[in-house]
Amino acid sequence: MVSRRLARLARLDAALRVLAALVGTLPLAVLASVCLARFAPFAESTRAALGFSLVVPLWLAAMCFAFLARSAARAWGVCAALGAVLLALAYVVPQ
């Protein structure tokens, strides 16, 4: 009885970690590339190309970290915290 419950919780935690990696990290990658494009000391066209070209590598790196999280709650918490910080940097902080 207890082992089935633990197995069910482990499957749920794994599924939520996968969901965090696939869905929760995309906004992080986009916001990080926006911040890079906004604050990089280059010409505007270079900053736009830099931000556009780094979305996929940043997303893959964030997905790897989400998969390596100890729990789904930690993965979602880190995604939410970093997302809030990057959102504030991208849209609230003056350039």
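Here are some friendly notes on this predicted model, taken point by point.

1. **Ground rules.** Since this is a predicted model, local features need pLDDT of at least 70 and side-chain atom pairs count only at pLDDT 80 or more, while totals for chains, interfaces and linings use all residues. Residues are numbered from 1 along each chain as its sequence is written, and side-chain values use heavy atoms, with hydrogens and water left out.

2. **The nonpolar core.** The largest nonpolar core has seven residues: Leu-28, Leu-31, Ala-32, Cys-35, Cys-79, Leu-86 and Ala-90. Helix H1 and helix H4 (72-91) each supply at least two residues of this core, and H1 gives the most, with four. Buried means under 20% relative accessible area, exposed over 50%, and partly exposed in between (1.4 Å probe, protein chains only). Helices are DSSP runs of H or I with at least four residues, strands are runs of E with at least two, and both are numbered from the N terminus.

3. Not counting residues up to four places away in sequence, Leu-86 touches Leu-28, Leu-31, Ala-32 and Cys-35. Contact here means heavy atoms within 4.5 Å.

4. **Arg-38.** This residue lies in helix H1, which covers residues 2-39. Leaving aside neighbours within four places in sequence, Arg-38 is in contact with Arg-47, Leu-89, Ala-90, Tyr-91, Val-93, Pro-94 and Gln-95. Arg-38 and Ala-21 are 17 residues apart in sequence and 25 Å apart in space, C-alpha to C-alpha.

5. **The salt bridge.** A search of the whole structure finds one salt bridge, a term that calls for a side-chain nitrogen of Lys or Arg within 4 Å of a carboxyl oxygen of Asp or Glu. Arg-17 pairs with Asp-13, and their closest N and O atoms are 3.9 Å apart. Both residues lie in helix H1, four residues apart, about one turn of the helix. Asp-13 counts as partly exposed because its relative accessibility is 22%.

6. **The surface patch.** A nonpolar patch on the surface has about 980 Å² of accessible area together, and among its members are Val-2, Leu-19, Phe-67 and Trp-76. Helix H1 gives the most to the patch, with nine residues. Leu-19, at a relative accessible area of 42%, is therefore partly exposed. Patches are made of residues with over 30% relative accessible area and no salt bridge, with like charges joined within 9 Å and nonpolar side chains (Val, Leu, Ile, Met, Phe, Trp, Tyr) within 5 Å. The areas come from the Shrake-Rupley method with a 1.4 Å probe, and for residues only the protein chains shown count as cover.

7. **The UniProt annotation.** An unreviewed UniProt entry lists residues 47-68 and 75-93 as "transmembrane region". Its positions are given in the numbering used here, feature names are shortened, and annotations may be inferred rather than shown by experiment. In the model, residues 47-68 are 91% helix and 0% strand, with end C-alpha atoms 31 Å apart. Residues 75-93 are 89% helix and 0% strand, with end C-alpha atoms 26 Å apart.

8. **Two further residues.** Pro-57 lies in helix H3 (residues 55-67) and is partly exposed at 43% relative accessibility.

Methods. A nonpolar core is a set of buried Ala, Val, Leu, Ile, Met, Phe, Trp, Tyr and Cys residues joined through side-chain atoms within 4.5 Å.
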